[in-house]
Amino acid sequence: MADIHRKVVVLGGGITGLTAAYYLQQYIEKNKLPVELILLERNSRLGGKIQTIRRNGFIIDKGPDSFLARKKSALRLIKDIGLQSELISNAAGASYIIANQRLHPIPKGSIMGIPAQISSLLTTNLISVSGKIRALCDLILPRKKIDKDQSVGDFIRYRLGEEVLENLVEPLLSGVYAGNIDRLSLLTTLPQLYQAEQKYRSLMLGMKRIFHEHAQNDSRPTNKSGAFFTLANGLETLVEALEEKIHKESIMKSVTVDKIEKSTGKHQYKIKLTNGTIVNTDFIISALPHYALPHIFSTYNIFDSLKNMPSTSVATIAMAFPEEAIVKDIDGSGFVVSRNSDYTITACTWTHKKWPHTVPKGKALLRCYIGRLGDEAAIDLSDDQIENIVLGDLKRIMSISSKPEFTIVTRWKYAMPQYTVGHLERVDKIIKEAQQELPGIFFIGSSFEGIGIPDCIRQGEEAVKNIVQYI
């Protein structure tokens, strides 16, 4: 067995593929296996949407700027590669929702907009008296009987009513998934809500129990720490560290996969690149976006259903100001925007307050977002046009006295895969068919089981556990 040389190819150098490549290399070296590892990435850099700009003393993440502290996989990877000392927790501060053209504090104790404290629901100005009465019906309504997946919108509307859905849940979920709440899969995006309702009958009482469980099992250094972590010099530090630890000869950048087919030669599969090169391999870990798979595996019809899976385009707009330019200085970390408000921006982080270490003294940094499913036109405007639109929105909310010192606009085309109703069932069918027809190929990434950094890292870990059983 020792003289048999096997090859594993990882497709995609975003955080999912990087995680898989790193842990697989660790396993190969620890067990002294005669296995060759190759990572293929179409761009000239690794990391996917994790990108950091360091400019004039600012540390600006163009994609994700943090990850949830309570999810263990990201912390585990950071510890394994020796970056634990770089971890920074966000500064605690109120978050807001703009609804009906007004800025409202998010009710305390809310979990993804679901009130876990009835007193907070009763005292918020976000919800009218009639909306509160409707929400309290959750305490007496029976469980919603379903035998299959449903949309988040249908579920919340039944439990808590239209107003809580529109003013609380939808703005927060839109900030995460940039999707249509009446198409988002409940069992994929928020299974804990369904489980809480089924176990406790009342969604609010169930979320209250979960809220207390989160507090007891908190992985943060202190209970006063924020709910998110980042790295001191930006999240791209994680990408840079992973790239440094993966052997240089194992990484191929600026190469694009055109087609994958079974091989009749020594190795099980042949990967044809667009430059005409053929890479032969025994095993493949695919961390590619879903829309790439029907073309790459065009010989098979396993992935045809992915052609109908939507992806939303979004953009981040980072604006640097002198601190005194923020005339209306609101105490908090930022806000999200409900669809009933007349703004183009969907959210804004007051980065100089949430992550004060990323901004020079005397400066302010606002990181805004535009784009959600069905409302993506502004993303295709010029940088100057986007800056003017976003600045106009901000001036109406915060009273800003001057133009930014500089603005960085980053467009993320088709970056947010949409987990529509039935997603889990469709993915499960694809994976089972692939196991039968394409043994030794594993499919992971944000298109399948979670879009956040910890979820992507977890999928990379699990792919390695699965593939070592073959190796």
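**Entry 1: a serine in a loop.** I began with serine 446, which I found in the loop between strand 22 (441-443) and helix 15 (453-470). Helices (H or I, at least four residues) and strands (E, at least two) are DSSP runs, numbered from the N terminus. I noted that this is a predicted model, where local features need pLDDT of at least 70, side-chain atom pairs count only at pLDDT 80 or more, and totals for chains, interfaces and linings use all residues. Residues are numbered from 1 along each chain as its sequence is written, and side-chain values use heavy atoms, with hydrogens and water left out.

Is serine 446 buried or exposed? Serine 446 counts as buried because its relative accessibility is 19%; buried means under 20% relative accessible area, exposed over 50%, and partly exposed in between (1.4 Å probe, protein chains only). Leaving aside residues up to four places away in sequence, I saw serine 446 touch Pro417, Tyr419, Ile451 and Cys456. Contact here means heavy atoms within 4.5 Å.

**Entry 2: helix 15.** Next I followed the chain into helix 15. Its 18 residues should span 26 Å at 1.5 Å a residue, and the end C-alpha atoms are 27 Å apart, which agrees. The expected span is 1.5 Å times one less than the number of residues. I listed buried residues of helix 15, among them Ile453, Cys456, Ile457, Ala463, Val464, Ile467 and Val468. Their cover includes strand 1 (6-11), helix 1, strand 5 (67-68), helix 2, strand 16 (283-286) and strand 22.

**Entry 3: a pocket beside it.** Helix 15 also gives the largest share of the lining of the second largest pocket, 4 residues. Helix 14 (423-437), strand 22 and helix 15 each supply at least two residues of that lining. I put the pocket's space at about 240 Å³. On a 1 Å grid over the protein atoms alone, a pocket is an open set of points with protein on both sides within 12 Å along at least five of seven lines, while a cavity is a set where a 1.4 Å probe fits but cannot get out; lining residues have an atom within 4 Å of a point. Grid points are joined across faces, edges and corners, and a volume is the space filled by probe spheres set on the points.

Entry 4: How many cavities of 30 Å³ or more does the structure hold? I found 1. The largest cavity has a volume of about 90 Å³. Of its 13 lining residues, Ile59, Asp61, Asp65, Thr351 and Thr358 lie nearest the centre. Strand 4 gives the largest share of this lining, 3 residues.

**Entry 5: the cores.** I turned to the largest nonpolar core, where Ile156, Ile271 and Phe297 touch the most other members out of 62 residues. Helix 6 (residues 162-177) gives the most to this core, with 7 residues. A nonpolar core is a set of buried Ala, Val, Leu, Ile, Met, Phe, Trp, Tyr and Cys residues joined through side-chain atoms within 4.5 Å. A second, separate core of 45 residues includes Val35, Ala74, Ile81 and Ala287.

**Entry 6: another serine.** I ended on serine 174, found in helix 6. Serine 174 counts as buried because its relative accessibility is 8%. From serine 174 to alanine 347 is 173 residues in sequence and 9.1 Å in space, C-alpha to C-alpha.
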